[in-house]
Amino acid sequence: MTLEVVLIVAVALGFDFFNGFHDAANSIATVVSTRVLSPRLAVAWAAFFNFAAFLIFGTKIAATIATDLVQPQVFTNSVIVAGLLGAIAWDVITWYVGLPTSSSHALVGAMGGAAVAHAGWGALILSGYQKIAVFIVLSPIIGLLLAFTIMVTVYWVFHRNRKVERLNRGFRRAQLVSAAAFSLGHGANDAQKTMGVILVLLIANGIVPATSGVPLWVVLSAHTAIGLGTLFGGWRIVHTMGSKITKLQPVGGMSAETAAAATLFFTAHAGIPVSTTHTITGAIVGVGTTQRLSAVRWGVASRVVWAWILTIPGSFVIAWLAYQPFQWFA
């Protein structure tokens, strides 16, 4: 393994670290906003289960990133570096303004932008992007509907319990379990995207054969990086996710996390790279709508939706620009 490859692996793991930092809000916003855990304990809880995800889930999403979005022969070291820089830049911009966008879709868009800059539009595998585009829409809707259903079911089962405080107290412990489940789903989805990028890098440099699976050291390092990133947290986004969209209580937090976790478990098993951000945001909105439509701050929600729409094209353009200097030195 050359020094150049080692440095690119380090950049990829840096993206994974920032993914955990940027998307920590997904894992802990609900459990922090309901005051079930302190911010410090919440990030440690989420980081542990982000890391533990590799024990449960396979690497189907990593394979999708490596083979189903860009023609494998297009990947060069320069393309991979430009793609990673584009994704990181988009994450930094959206973190700074406090928008919970998708690091996963930033990586998908950025890799596409770098590939097109290198080899033209024929470098893209459109069927892979179409599948992701479908689930950009479906994942928050599924999260919303599941969360709404879970909340309504809980209210129906406990409708005789008139004391809201007692009900929420009972669900505080349940929210620890749901937060752990969601963090597992987050680790299974988001860490695998970086695994796919590193796998492509190793194949492009002849370090592993084209038919190789993801090496164990790549799995462990990717999960470690995203877990460490989660430990540092992204508090601007926590504030948006946990309090600006709708006011949450422990029963609502449990419902939102359970719905989002179920969605992520399904997509991880199917090998579909979805956004944990989209999924949990949809679930939070679903919880809010069980109260009344006005319980959801639709102005904030619309800003989030616009950020989702712009993520893939925005990161695409940044990565396309990031690749241009490599052409000068080619």
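Me: In what order do the elements of the protein run from the N terminus on?
Reply: This is a predicted model. It has twelve helices and zero strands. From the N terminus on, the order of elements is therefore α-α-α-α-α-α-α-α-α-α-α-α.

Me: What share of the residues in the protein is buried?
Reply: A residue counts as buried under 20% relative accessible area. Of the 330 residues in the protein, the buried ones make up 57%.

Me: Among contacts between residues at least 6 apart in sequence, what percentage join residues at least 24 apart?
Reply: Contact means heavy atoms within 4.5 Å. Among the contacts between residues at least 6 apart in sequence, the share that joins residues at least 24 apart is 88%.

Me: How many of the residues of H5 are buried?
Reply: Helix H5 covers residues 103–119 and has 17 residues. From its first C-alpha to its last, H5 reaches 24 Å, close to the 24 Å expected at 1.5 Å a residue. H5 is mostly covered, and the number of its 17 residues that are buried is 15.

Me: Which residue takes a positive phi just after H5?
Reply: H5 is made up of residues 103–119. Just after H5, a positive phi of about 85° is taken by Gly120.

Me: How many charged residues are in the contact of H4 with H5?
Reply: On the H4 side the contact includes Val79, Ile80, Trp90 and Asp91, and on the H5 side it includes Ser103, Met111 and His118. By class, the residues of this contact divide into twelve nonpolar and four polar, and the number that are charged is one.

Me: What is the handedness of the crossing of H10 and H11?
Reply: The axes of helix H10 (residues 250–270) and helix H11 (residues 276–289) come within 8 Å and cross at roughly 140°. H10 and H11 are therefore oblique to each other. The crossing in which H10 passes H11 is right-handed.

Me: How many nonpolar residues does the contact of H10 with H11 have?
Reply: Among the H10 residues that make the contact are Gly252, Glu257 and Leu264, and among those of H11 are Thr276, Ile280 and Val287. Five residues of the contact are polar and one is charged, while the nonpolar ones number eight.

Me: Is Asn189 buried or exposed?
Reply: Asn189 is in helix H7. Leaving aside neighbours within four places in sequence, Asn189 is in contact with residues including Ile61, Leu264, Thr267 and Thr276. Its relative accessible area is 0%, so Asn189 is buried.

Me: What distance separates the C-alpha atoms of Leu201 and Val5?
Reply: Leu201 lies in helix H7 (residues 164–204), and at 1% relative accessibility it counts as buried. Its contacts, neighbours within four places in sequence aside, are Val5, Ile8, Val9, Asn77 and Ile80. Leu201 and Val5 are 196 residues apart along the chain, yet their C-alpha atoms are separated by 7.5 Å.

Me: How far apart in space are Ala44 and Leu231, C-alpha to C-alpha?
Reply: Ala44 lies in helix H2 (residues 39–52). With a relative accessible area of 36%, Ala44 is partly exposed. Ala44 and Leu231 are 187 residues apart in sequence, and their C-alpha to C-alpha distance is 5.8 Å.

Technical notes
Residues are numbered from 1 along each chain as its sequence is written. This is a predicted model: local features need pLDDT of at least 70, side-chain atom pairs count only at pLDDT 80 or more; totals for chains, interfaces and linings use all residues. Side-chain values use heavy atoms; hydrogens and water are left out. Axes are lines fitted to C-alpha atoms, for helices over the stretch in contact, and angles run from 0 to 180 degrees between N-to-C directions. Helices (H or I, at least four residues) and strands (E, at least two) are DSSP runs, numbered from the N terminus. Angles under 35 degrees count as roughly parallel, over 145 as roughly antiparallel, 65 to 115 as roughly perpendicular and the rest as oblique. A crossing is left-handed if the near helix is turned anticlockwise from the far one by less than a right angle, and right-handed if clockwise. Ala, Val, Leu, Ile, Met, Phe, Trp, Tyr, Cys and Pro count as nonpolar, Asp, Glu, Lys and Arg as charged, and the others, Gly among them, as polar. The expected span of a helix is 1.5 Å times one less than its number of residues. Buried means under 20% relative accessible area, exposed over 50%, partly exposed in between (1.4 Å probe, protein chains only).
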